[in-house]
Amino acid sequence: MMNIVLSYQPQHLPPPYAYAAVLEITISDEIEAQFSLEYLGRSEIPEDELRAEGFSYDDRMNWEGTLHQNWKDDIVSFSRTQLKKQPDETYLHISVDGKDDGFPQDINAIDMLFQELMQAVLETAKVESPLVLKLQDESKSFEIAWHFSNRTIKIDHRISNKWNNGRKLLKQAYQLDYDHMKYHKKAKPHTVNPGGDQWFLVEDHTTFNSLISSINTL
């Protein structure tokens, strides 16, 4: 049996987005998890302004449940993380079996893994839905859904377990500068829909073709 406690607090997020999360996982025959999420600094914002943005003072979450076995290897990898005593800009503290504790030397990879696990918790708890990305080529459309709850990817009607390839596509898609891209209300050739009702035009065909190539690896 193994017990891992992950405490996470990104330092760069201002209220009302600032939060602290703790995920405690016990691995035996099952992957048992306890998760808590609390938003920070919201008391500094007037209530009418907070509610106008769709938030409240009471937004918090506590959940207990079981995570899918597909996450076991990645969760165990936290116990092999090289640790140091001082945190980075993103505060991520790891404790393994109440003995080995500290902050990861390679914060980037571990940060991404923690956020994936947090998304898995939110999906398993039915708080959030799978992440969906749509693309439109000249003659073909694609719909990709990342099911973090069981660590699988659905491409149209096909299920893939190639999670690492899906990570690459996700990184490519969300590195696009959507704030400065032209968009349409309907799908057009070379457009991407990262959620919502806007289809963003990827004018650089090399970039768009790279997205399609990544889809073909799933």
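What follows is a walk through the predicted model of this protein, from its overall make-up to a few of its side chains.

Because the model is predicted, local features need a pLDDT of at least 70, side-chain atom pairs count only at pLDDT 80 or more, and totals for chains, interfaces and linings use all residues. Residues are numbered from 1 along each chain as its sequence is written, and side-chain values use heavy atoms, with hydrogens and water left out.

To start with confidence, pLDDT is the predictor's own score for each residue, from 0 to 100. The protein averages 94, and 100% of the residues score at least 70. Among the elements, helix H1 (residues 47–52) has the lowest mean pLDDT, at 90, while S14 has the highest, at 98.

The C-alpha atoms fill a box of roughly 55 × 45 × 30 Å, taken along the principal axes. Of the 218 residues, 43% count as buried, where buried means under 20% relative accessible area, exposed means over 50%, and partly exposed is in between (1.4 Å probe, protein chains only). A contact means heavy atoms within 4.5 Å. Of the contacts with a separation of 6 or more, 48% are between residues 24 or more positions apart.

Next comes the sheet. Strands of a sheet pair through backbone hydrogen bonds, either parallel or antiparallel. Here, seven strands make an open sheet in the order S4-S3-S2-S1-S6-S7-S5, with antiparallel pairing. Strand S4 (60–67) and strand S5 (83–84) stand at the edges with a single partner strand each, so one side of each has no neighbour in the sheet. Two strands pair if DSSP finds at least two bridges between them. Strand S6 (residues 90–96) and strand S7 (residues 100–104) have three bridges, in the antiparallel sense, and Ile94 has Gly102 in S7 as its bridge partner.

Helix H3 (residues 107–124) lies across S1, S2, S3, S4, S6 and S7, and runs at about 90° to S4. That angle is between N-to-C directions, on a scale from 0 to 180 degrees, using axes that are lines fitted to C-alpha atoms, for helices over the stretch in contact. Gln119 lies in helix H3 and is buried, at 16% relative accessible area. Leaving aside residues up to four places away in sequence, Gln119 touches Glu128, Ser129 and Phe148.

Now for the rings. The whole structure holds nine aromatic pairs; rings of Phe, Tyr and Trp (its six-membered ring) pair if their centres lie within 6.5 Å, and planes under 30 degrees apart count as stacked, over 60 as edge-to-face and the rest as tilted. The rings of Tyr8 and Tyr19 have centres 6.1 Å apart and planes at 35°, so this pair is tilted. Tyr8 sits in strand S1 and Tyr19 in strand S2, 11 residues apart. Tyr8 is buried at 3% relative accessibility, and Tyr19 is buried at 11%. Tyr8, Tyr19, Tyr39 and Phe114 form one aromatic cluster.

Finally, a charge sits over a ring if NZ of Lys or CZ of Arg is within 6 Å of the ring centre and within 35 degrees of the ring normal. Arg42 lies over the face of Tyr39, 4.0 Å from the ring centre, and the charged end of Arg151 sits over the ring of Trp71, 5.3 Å from its centre.

Technical notes
Helices (H or I, at least four residues) and strands (E, at least two) are DSSP runs, numbered from the N terminus.
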